Amino acid sequence: MKSVIAAATAFAAGVAAIGVQASSHREAPFIAGSPKVDGTDFYMFRSYEAGRADFVTIIANYQPLQDSYGGPNYFTMDPQALYEIHIDNDGDSEEDLTFQFRFTNAYGQADIAALGVVDGRVPVTGGPDGGVQVPLANIGPGAGAATGALNVVETYTVTVVEGDRRSSTGAQVTNASGGSATFTKPVDNIGNKSIPDYAGYAGQFIYNVNVPGCDAPGKLFVGQRREGFVVNLGQIFDQINLNPLGARDSASNIIDDKNVTSLALELPASCLVNGDDPVIGAWTTASVRQARLVNPSPTGPVASADGEGPTLQGGAWTQVSRLGSPLVNEVVIGITDKDKFNASEPKDDVANFGTYVLFPTLPVLVNVLFQVPPPPTPRNDLLAVFVTGVTTGPDDVIPNFNFTAPANQTVGGEMLRLNTAVDLVVPGAAGYSDLGFLGCDLAGFPNGRRVTDDVVDIALTAVEGALLGVNGVQTCDLSGDAPMVANAGTVVNDGALPVLTDYLTAFPYLNTPIPGSP
């Protein structure tokens with residue numbers, strides 16, 4: 001019998017067949033116009049850096065498809081937004097822990113005595129006393145070595161909230177060295193003249209942190225990274241205009257020249273789980289103030305005090321972006337409900353979006369393109385994967401195992417789930433597969449998601465029948481004495497392939513961003 005655990009990638013049956021917009025890039029009408037609060041990818045996995053196996057890494061990426069040369073403003077975070085990472089550890093699809101990120105952007109900060117620069121102003125012959133404000137984010141070479149050359153400095157705080165994210169009181173994450181609750185975000189990778197050693201520069205902003213509720217320090221990093229998601233975006237958009245059984249080739253990754261902004265945490269697994277249940281669920285959201293008044297005569301930058309900036313914002317925090325498992329809002333949720341999904345909470349998913357899971361439309365569209373009959377509906381297997389997590393059956397090689405299902409599930413909801421007790425598999429080592437479960441690697445997607453997991457190929461292969469044992473495509477068969485890959489190599493794919501050397505083997509795992517100039 002094919003295990004229900006095989007359905008762990010079943011949400012792929014509705015997630016990537018047509019119209020993939022990267023993992024969650026510009027996936028809904030409203031958020032497409034608000035890139036600063038657009039969550040693009042969400043990762044959660046057991047840390048595989050040496051000596052860190054008892055930790056969980058969580059990465060929430062924002063601001064999609066960044067061109068490395070995107071000056072002069074580059075990609076600062078929104079100081080008037082609230083970015084959050086939520087953890088559900090008791091199976092009720094409500095947040096039990098929330099990590100809240102708030103940003104402050106200070107402009108006119110450059111001070112370079114040798115050039116006479118003070119507060120971002122340079123002396124100009126015949127000009128006003130005090131100099132003239134420059135239009136650039138950095139002044140002169142060496143921005144990475146001397147923060148005095150930076151004209152825009154971003155700082156942030158992280159607050160941990162237990163219970164309801166809006167009504168509960170939070171406590172500050174603090175620097176383990178010195179106790180400060182304010183952290184600095186490195187400037188984006190402007191170019192090699194400004195910052196010759198960006199990897200070394202950015203490494204200064206990986207913090208060891210004390211986290212309320214955790215018995216050991218964690219790690220924290222917020223900053224620009226190289227895009228880790230791989231996808232052959234153009235041809236997939238064009239009604240899968242490629243050979244879906246062709247070679248998996250890194251050259252087909254059309255977004256390999258893009259960057260992204262990461263909010264990355266590494267935390268002891270012991271402070272995330274609830275009691276003896278090793279399964280946690282997580283998702284990220286971004287919220288903005290409910291009201292916005294545009295200032296017709298701004299005299300200061302965004303979020304300036306006393307109404308000087310271009311907008312004045314107020315009212316309750318209002319969620320505009322949401323991301324857990326990859327590709328859900330892109331190609332599962334109907335186009336008229338995409339903004340609704342981004343504003344919703346997991347506890348309401350069954351009522352709001354259950355129809356899209358039970359009766360997915362994409363297998364029907366795939367049938368039109370490739371004459372592959374869609375599986376029968378309703379898709380209760382997909383519903384189990386989306387809203388409750390996955391358990392194995394009594395006859396499977398790992399019988400009656402709560403693979404990604406919380407032990408005491410009461411309310412289902414869509415999120416990325418991780419069983420922290422599943423044996424760690426290091427990318428590139430024995431047992432590793434970038435196809436996750438389809439390669440019988442139970443430490444990969446959909447048991448959490450590593451940065452190297454090829455979620456698009458997992459999805460495409462599943463939609464062609466991997467989970468049902470049809471069409472002869474690759475899957476993991478758990479019906480024998482041990483997990484075994486069946487139909488190895490027959491992977492329905494978009495051509496794009498993760499390359500391990502494009503990623504780091506230590507926190508924050510996503511690689512150094514591409515520089516704006518060589």
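The count comes to five cavities of 30 Å³ or more, a cavity being a set of points, on a 1 Å grid over the protein atoms alone, where a 1.4 Å probe fits but cannot get out. The structure is a predicted model, in which local features need pLDDT of at least 70, side-chain atom pairs count only at pLDDT 80 or more, and totals for chains, interfaces and linings use all residues. Residues are numbered from 1 along each chain as its sequence is written, and side-chain values use heavy atoms, with hydrogens and water left out. Helices (H or I, at least four residues) and strands (E, at least two) are DSSP runs, numbered from the N terminus.

**Second largest cavity**

- The second largest cavity holds about 90 Å³ of space, where a volume is the space filled by probe spheres set on grid points joined across faces, edges and corners.
- Its lining (residues with an atom within 4 Å of a point) consists of Val 328, Val 332, Ile 333, Phe 341, Asp 349, Phe 353, Gly 354, Val 357, Leu 383, Phe 386, Val 387 and Glu 414.
- Helix 5 (349-358) and helix 7 (380-387) each supply at least two residues of this lining.
- Helix 5 gives the most to the lining, with four residues.

**Strand 13 and its partners**

- Eleven of the eleven residues of strand 13 (residues 258-268) are buried, so the strand is largely enclosed by the rest of the structure; buried means under 20% relative accessible area, with a 1.4 Å probe and protein chains only.
- Strand 13 runs antiparallel to strand 2 (residues 55-67), and ten bridges join the two; strands pair if DSSP finds at least two bridges between them.
- Strand 12 (residues 218-226) is also antiparallel to strand 13, with eight bridges.
- Glu 266 of strand 13 is the bridge partner of Thr 57, and Lys 219 stands opposite Glu 266 as well.

- Eight bridges link strand 3 to strand 14 (residues 279-294) in an antiparallel arrangement, with Ala 286 of strand 14 as the bridge partner of Tyr 83.
- Strand 4 (residues 97-107) is joined to strand 3 by five bridges, again antiparallel, and Phe 99 in strand 4 stands opposite Ile 85.

**Helix 6**

- Leu 362, Pro 363 and Val 366 are the buried residues of helix 6 (residues 362-370).
- They cover an arc of only 95 degrees around the axis, which puts them on the same side of helix 6; the arc is that of the directions from the helix axis to the C-beta atoms.
- The cover over these buried residues includes helix 3 (328-331).

**Asp 457**

- Asp 457 lies in helix 8 (residues 455-463) and counts as buried, at 0% relative accessibility.
- The side chains of Asp 457 and Arg 248 are joined by a polar contact of 2.8 Å; such a contact is a pair of N or O atoms within 3.5 Å, and within protein one must be able to donate a hydrogen and the other to accept it, while residues adjacent in sequence count only if both atoms are side-chain atoms.
- Not counting residues up to four places away in sequence, Asp 457 touches Arg 248, Leu 435, Val 491, Val 492, Asn 493, Asp 494 and Ala 496, contact meaning heavy atoms within 4.5 Å.

How values were computed:
Buried < 20%, exposed > 50% of the residue type's maximum accessible area, 1.4 Å probe, protein only. 1 Å grid on protein atoms, 1.4 Å probe; cavity = no way out; pocket = protein on both sides within 12 Å on 5 of 7 lines; lining within 4 Å.
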